[in-house]
Amino acid sequence: MFVDAREIPAQSVLDADVCIVGAGAAGIACAREFLGTPHRVVVLESGGLEFHGDTQALYRGRLTGRPYFPLDASRLRYFGGTTNHWAGNCRALEPIDFEPREWLPHSGWPISHGDVAPYYDRAYAVCQAGPFRHQLDAWRLPNARPLRFLDDEVLTRVTQFSPPTRFGLAYRDELQQAPNVTTYLHANLAGIDVTAAANAVEAVRVRCLPGNEFSVRARAFVLACGALENARLLLASNHVQQAGLGNGTDMVGRCFMEHLTLEAGVFVPADADLSAMDLYEIPDRRLRAGHWETPWRTKAYWALSPAAQRADRVSNTTATVSRVYAPPSYSGPGYQSVRALMGAIRAGSFSGLSRHLRKIAEDWSGVMGTMHWKASGLGGEAPVRLYSLRLQFEQAPNPQSRVRLGAERDALGLPRVELDWRLSDVDRHTAITAARRLALAVGRAGLGRIKLTLDPEDPLGSMQGAWHHVGTTRMGADPKSSVVDANLAVHGIRNLFVAGSSVFPTAGHSVPTATIVALALRLADHLKKTVAGQPVGSGRAQ
Amino acid sequence: MRWATSAAAVVVAAALATAFRGAYDQSLAVAALTGLGCAVGVVAWLTRAVRRRRGDGAPGRLRRFLSSAALVLVLSPLSLPVGWALHRADVQAARAWCDELIGRLEEARERTGRYPADVAALLPPPGTLPRLIDSRHLYLSDGASFVVAFDERATSARAVNLYSSTLREWRRF
């Protein structure tokens, strides 16, 4: 059921088996796992069912490092969370994403791909992205002719698309009707109260914007508020541990990562028959209509093989291509007459000369516009043969790239977040080296030509993030270098768990949503095993 | 006057051909100049008609100049075949230069076991490269293989010539 937390009497104390803070992809996926179970679950959502500016303003923060998206624009604070503006891409991580890679400092997960893989099937179902089939061969594609690279140094992989699922809409009815799951809307976490030894959470304090405050006691608590907010809430809960909960080794907030995205060059395919490119470059219109023979929507992309990553000592890198469209004047009567006229003159014929000249005169501005476009270097004899190449790769973990508490406070009295986003030499090396590897692989196999446009002196100059917040409460076996363990429990605090991409030790090669959901499902399974039969507030979940 | 007009037409055509060398821009320039020539021709004809109506039969200096200019401009398409021939020569020169470079790369591999990481040491002094060779986008190698490529940048813009050491062949697309 849904309850408006603003109507809860002040100083009330609510009891539950599991308290989940945040109703985004991770929080809702985790909460749904308890539907129909004997466990009582409380979900605390800061926002309501719709966007509201006052609540969203709680996400404002300050940027102190590299330029980044405004912190209240790159995430959403209402029921459904950031899935409310999610694009819908679903990709599973690869085995190499979990492995320690000696050229990538601080890499390596405490769990393997095999530990998460069983959950991807369920995660894709939650994301409504169709059956999880990561390999290209598993899809019946009308033009399934992936470009064949030599030695498999570059692989063709598949993205599956969610509609995209707005978790707040898709699962609202389920959660509203669930007798054992209560979602409190407009309920903001104001603090986490722990035992004197700071080894267990006793309760969380909830504060609403109008001012009433109450507490929730539970056997287990799950922070599922996103990578910026999870770190902020741990750092701000500093009554017992002055550096913040779980921050005894100063790791909370560190290693904030993104997927680094940049235009790397222009791809000219060698094959005049461009149907193979239908795998890789699908106009949005066709994507929306359902491109394939299946009801599920997919799109292919290139990925550097693990062997190529090892050889080049680069982060996991993918590449997508998108068509360089001609201006509308390209297909206008004037420019088409120019083309026809040139062809006729070259063939020694002057047939239709006056007709073409008349059309050129009538559409002179279109002719000049096309000429200008061609002179800019983008044009060609057949514009659809040109594709822009976009690289996306995981940012290397960098402890100096971090989230801190700022001096300014929000309307609830909590310190606002500060993001000091920083890159490293590994990222610069990856941008240049992976782009060259792709260009060489394409040329070597005779598939076409990639003309790189990256500036070797400043390859990340035009780089952007992908709106993916990763890291800050990283998973690891060693508390000195991580915040949560393999079961996502905060080191040293038995019943406090973290869900979401904040626990990723490395960002992985792909969009995080499917993995966020898979890890949330795995956490739910763990909680179901551990919370049963334990008294509320005992903090004994293992 | 006829000799001067003919000489001017040749000079203009030669200038267009050597400046644009068959590139797409040459077609544009020729189209524009031809259009301008037609317009100037019309003005020259009108000037002549006006003088005739006035009974002044002798050709004026202005009309002679306009007629000559129109002729020179209208003859500018003569530059196109020359430009295309120059373009073909440029492509052949670039290809020949690349073939020589490829030979030296193979020699380097026989000597060192790997292809060089870049070809800066194998390039001639700046300014002496074949016209179509852009040294920034010429060569890529991982030591075990390489690719050499250049754009034709001609009437069929974006035509690419690419050599793969693995395939051991040129491809043009």
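**Salt bridges, interface and cysteines**

Modeller: The model is predicted. I begin with B:Glu152, which is buried at 5% relative accessibility.

Colleague: With which side chain does B:Glu152 meet in a salt bridge?

Modeller: B:Glu152 lies in the loop between strand S2 (146-151) and strand S3 (160-164) of chain B, and its partner lies in strand S4 (residues 169-172), 20 residues apart. The N to O distance is 2.7 Å, and the partner is B:Arg172.

Colleague: Which residues are joined into one network by salt bridges that share partners?

Modeller: The network includes residues of chain A as well as B:Asp142. Its members are A:Asp151, A:Glu153, A:Asp312, A:Arg437, A:Arg444 and B:Asp142.

Colleague: How many salt bridges does the structure hold over all chains?

Modeller: Side chains of opposite charge can pair when their charged atoms come close. One of the pairs is A:Asp250 with A:Arg254, at 2.7 Å from N to O. Of these two, A:Asp250 is partly exposed at 32% relative accessibility, whereas A:Arg254 is buried at 12%. Over all chains, the number of salt bridges is 42.

Colleague: How many residues apart are A:Glu229 and A:Arg75?

Modeller: The side chains of A:Glu229 and A:Arg75 form a salt bridge, with 3.4 Å from N to O. The pair links distant parts of the chain, since A:Glu229 sits in helix H7 (residues 227-236) of chain A and A:Arg75 in the loop between strand S4 (61-63) and strand S5 (89-90); the separation is 154 residues.

Colleague: Are A:Glu229 and A:Arg75 buried or exposed?

Modeller: The cut-off for buried is under 20% relative accessible area. A:Glu229 has 4% and A:Arg75 has 5%. Because both values fall under that cut-off, the answer for A:Glu229 and A:Arg75 is buried.

Colleague: How much area do chain A and chain B bury between them?

Modeller: In this interface, 29 residues of chain A are in contact with 25 residues of chain B. Carbon and sulfur atoms carry 64% of the buried area, and the total is about 2,400 Å².

Colleague: Which three residues supply more than any other three of the area that chain A buries against chain B?

Modeller: Together these three supply 26% of the area that chain A buries against chain B. They are A:Leu440, A:Arg444 and A:Arg449.

Colleague: Which residue of chain B does A:Arg449 meet in a salt bridge?

Modeller: The interface of chain A and chain B has 3 salt bridges, and 8 residue pairs are in polar contact across it. The side chain of A:Arg449 comes to 2.7 Å, N to O, from that of B:Asp151.

Colleague: Which element gives the largest share of the side of chain A that touches chain B?

Modeller: Elements that each supply at least two residues to this side include strand S11 (259-269), helix H10 (333-346) and helix H13 (425-444) of chain A. The largest share is 6 residues, and it comes from H13(A).

Colleague: How many disulfides does a search of the whole structure find?

Modeller: A disulfide needs two cysteine sulfur atoms within 2.5 Å. For A:Cys30, the nearest cysteine sulfur is that of A:Cys19, 11 Å away. For A:Cys90, it is that of A:Cys127, 4.2 Å away, so A:Cys90 is in no disulfide. Over all chains, the number found is 0.

Terms used
Residues numbered from 1 in each chain as written. Chains lettered and ligands numbered in written order. Predicted model: local features only at pLDDT ≥ 70, side-chain atom pairs only at ≥ 80, totals over all residues. Heavy atoms only, no water. Contact = heavy atoms within 4.5 Å. Buried area = accessible area lost by both parts, 1.4 Å probe. Salt bridge = Lys/Arg side-chain N within 4 Å of Asp/Glu carboxyl O. Polar contact = N/O pair within 3.5 Å; in protein donor to acceptor, adjacent residues only side chain to side chain. Helix = DSSP H or I, 4+ residues; strand = E, 2+ residues; numbered from the N terminus. Buried < 20%, exposed > 50% of the residue type's maximum accessible area, 1.4 Å probe, protein only.
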